[in-house]
Amino acid sequence: MSGQTLTDRIAAAQYSVTGSAVARAVCKATTHEVMGPKKKHLDYLIQATNETNVNIPQMADTLFERATNSSWVVVFKALVTTHHLMVHGNERFIQYLASRNTLFNLSNFLDKSGSHGYDMSTFIRRYSRYLNEKAFSYRQMAFDFARVKKGADGVMRTMVPEKLLKGMPILQGQIDALLEFDVHPNELTNGVINAAFMLLFKDLIKLFACYNDGIINLLEKFFEMKKGQCKDALEIYKRFLTRMTRVSEFLKVAEQVGIDKGDIPDLTQAPSSLMETLEQHLNTLEGKKPGNNEGSGAPSPMSKASPATTVTSPNTTPSRTVDTSPPVDLFATSSITGAIR
């Protein structure tokens with residue numbers, strides 16, 4: 001299945017006759033060639049999303065149509081192309097996807113043409129779920145977690161508690177969908193799945209930066225929250241800790257397949273003292289255990305607690321270890337910005 005098929009050429013020619021250059025580029029990006037979409041076609045489509053006279057719904061419909069193909073190669077490349085445009089295209093592209101009730105309906109996709117088709121179909125089903133979740137997150141939040149500003153004055157660090165407590169589970173859901181791609185190094189056997197993995201890796205770095213920013217914000221405000229908010233925040237924090245292992249496993253795969261170590265952050269678990277402090281404070285609020293933190297005048301235990309995670313930022317010499325006194329920057333993104341753009 002190497003090279004463009006006759007079907008590929010006919011499809012592209014049809015769009016050439018009708019004058020639809022964008023649809024032709026979509027076809028060119030999603031041929032039966034077992035390789036990632038060519039850069040020249042992706043660049044053309046990115047530029048097209050910035051043109052006011054280009055019909056974004058029509059572009060998206062062409063990609064959805066290509067995703068109904070029986071070949072795993074065409075479908076996978078349609079997903080990769082869509083993901084690429086969600087990341088690098090004009091924001092109105094992902095805005096349109098978020099406005100739709102349904103995107104990719106590939107939960108039962110299966111290419112029975114051979115053993116490779118069976119294997120790749122598994123990842124197509126997982127990948128399409130992630131892209132659906134990415135669009136859903138945008139619909140819920142009205143912004144793309146991967147695109148927003150990170151750091152001390154970023155979106156998640158400055159978000160009010162009420163919105164933060166609603167937004168963090170949505171972000172967690174998107175990260176979960178990404179991690180469910182669950183690929184092993186020996187399964188990255190061709191240019192198509194490799195292209196998908198690279199996009200997922202770069203998304204994860206950005207999403208996890210947002211995730212850490214949100215956790216920092218929650219921890220800073222934890223001792224000022226009401227009992228119900230504290231309970232929700234503690235649950236979010238516990239889920240954050242359980243995801244640390246899965247994120248680390250994903251990053252290990254990235255390292256094993258040759259992604260530069262300088263682009264991969266080091267995640268180090270901190271002592272459990274913070275969890276104990278948070279639980280003690282919630283118990284105090286619920287009247288389960290007497291404590292000296294009750295009342296608005298009590299000093300915040302955060303001043304003596306360690307952060308959930310110490311993250312050594314890549315490309316930093318010497319390695320930068322996070323200070324234990326708040327505010328704590330759990331995930332420094334500035335040094336990897338160039339690598340993930």
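Figure 1. Of the 341 residues in the chain, 53% are buried. Keep in mind as you look around that this is a predicted model. The fold is built from 13 helices and two strands. Taking contacts between residues at least 6 apart in sequence, 74% join residues at least 24 apart.

**Figure 2. Helix α9 alongside helix α11.** Here we zoom in on α9, residues 161–179, and α11, residues 227–256. Their axes lie 11 Å apart, and the helices pack at an angle of about 25°. Angles under 35 degrees count as roughly parallel, and α9 and α11 are therefore described as roughly parallel to each other. The crossing of α9 past α11 is left-handed.

**Figure 3. The residues that join α9 and α11.** On the α9 side, look for Pro161, Glu162, Leu165, Met168, Pro169, Gln172, Asp176, Leu178 and Leu179. Their partners in α11 are Gln229, Asp232, Ala233, Ile236, Arg239, Phe240, Arg243, Arg246, Val247 and Phe250.

**Figure 4. A closer look at Gln229.** This residue sits in helix α11. Gln229 has a relative accessible area of 18%, and since buried means under 20%, Gln229 is therefore classed as buried. Leaving aside residues up to four places away in sequence, Gln229 touches Pro161, Glu162 and Leu165. With Glu162 there is also a polar contact, made between the two side chains at 3.5 Å.

**Figure 5. Helix α5 crossing helix α6.** For another helix pair, turn to α5 (residues 72–88) and α6 (residues 91–99). The axes of α5 and α6 come within 6 Å and cross at roughly 120°, which makes α5 oblique to α6. As with any pair of this kind, two packed helices are described by the angle between their axes and the distance between the axes. The crossing of α5 past α6 is left-handed.

**Figure 6. Side by side at the α5 and α6 contact.** From α5, the contact is made by Thr82, Leu85 and Met86. From α6, Phe93, Ile94 and Leu97 take part. The residues of the contact of α5 with α6 divide into five nonpolar and one polar, with no charged residues.

Definitions and conventions:
Residues are numbered from 1 along each chain as its sequence is written. This is a predicted model: local features need pLDDT of at least 70, side-chain atom pairs count only at pLDDT 80 or more; totals for chains, interfaces and linings use all residues. Side-chain values use heavy atoms; hydrogens and water are left out. Axes are lines fitted to C-alpha atoms, for helices over the stretch in contact, and angles run from 0 to 180 degrees between N-to-C directions. Helices (H or I, at least four residues) and strands (E, at least two) are DSSP runs, numbered from the N terminus. Angles under 35 degrees count as roughly parallel, over 145 as roughly antiparallel, 65 to 115 as roughly perpendicular and the rest as oblique. A crossing is left-handed if the near helix is turned anticlockwise from the far one by less than a right angle, and right-handed if clockwise. Contact means heavy atoms within 4.5 Å. Buried means under 20% relative accessible area, exposed over 50%, partly exposed in between (1.4 Å probe, protein chains only). A polar contact is a pair of N or O atoms within 3.5 Å; within protein, one must be able to donate a hydrogen and the other to accept it, and residues adjacent in sequence count only if both atoms are side-chain atoms. Ala, Val, Leu, Ile, Met, Phe, Trp, Tyr, Cys and Pro count as nonpolar, Asp, Glu, Lys and Arg as charged, and the others, Gly among them, as polar.
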